[in-house]
Amino acid sequence: MNEIQETIERKAALLETGDVEAIMSHYAPGYVEYNLAPPLRQPSGPGDGAQLKAWMAGFEKPPRREVTQLEITTDGDVAFATSLDRLSAVPRGATGGFSMWFRVTLGLRRIDGRWLVTHEHESVPFEMDGSLRAATGLTPAD
């Protein structure tokens, strides 16, 4: 499981470097992605990182991602991982930054001796008071 944990944490740490190619090297061909940005499901593609590059261009410098409460289950060449991650960034042109927590579920497969992400799902809870506002102010203690 250490190899899987290292893969997940390395992928998250690479975000802060802005090295999209290195980040994308942690994904299997044809991976499925449900991330925080619209649409509901990211289109499958060659995994060239164009969407990630475009998203990162919206920040003064690459965002920082912290993986916490990581839990991993494995069976042979397949793994399932969950975590609570924190994203910190300064939007381009903003006077200050933000930090938000979100939920992450990953499916991984060992392919040619490497653990690669085959499925990624990120989500933010929403307020159940009828407003349907994203609950971006939550922390793991909430």
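Reader: Take Ser-83. Is Ser-83 buried or exposed?

Author: This is a predicted model. Buried means under 20% relative accessible area. Ser-83 has 7%, so Ser-83 is buried.

Reader: Where does Ser-83 sit in the chain?

Author: Ser-83 belongs to strand S3, which covers residues 78-89.

Reader: Which residues is Ser-83 in contact with, leaving aside neighbours within four places in sequence?

Author: Val-67, Thr-68, Gln-69 and Leu-70 are among them. Phe-102, Arg-103 and Val-104 complete the list.

Reader: What polar contact does the side chain of Ser-83 make?

Author: The partner is the side chain of Asp-85, at 2.7 Å.

Reader: Now the rings. How many aromatic pairs are there?

Author: The count is 3. Take Trp-55 and Phe-59: their ring centres are 5.0 Å apart and their planes meet at 75°. Planes over 60 degrees apart count as edge-to-face. So this pair is edge-to-face.

Reader: Which parts of the chain does the pair link?

Author: Distant ones, 39 residues apart. Phe-59 lies in the loop between helix H3 (50-56) and strand S2 (64-75). Phe-98 is in strand S4, residues 98-111.

Reader: And how accessible are Trp-55 and Phe-98?

Author: Trp-55 is partly exposed, at 33%. Phe-98 is partly exposed too, at 30%.

Reader: What do Trp-55, Phe-59 and Phe-98 form?

Author: One aromatic cluster.

Methods:
Residues numbered from 1 in each chain as written. Predicted model: local features only at pLDDT ≥ 70, side-chain atom pairs only at ≥ 80, totals over all residues. Heavy atoms only, no water. Helix = DSSP H or I, 4+ residues; strand = E, 2+ residues; numbered from the N terminus. Buried < 20%, exposed > 50% of the residue type's maximum accessible area, 1.4 Å probe, protein only. Polar contact = N/O pair within 3.5 Å; in protein donor to acceptor, adjacent residues only side chain to side chain. Contact = heavy atoms within 4.5 Å. Phe/Tyr/Trp six-rings, centres within 6.5 Å; stacked < 30°, edge-to-face > 60°.
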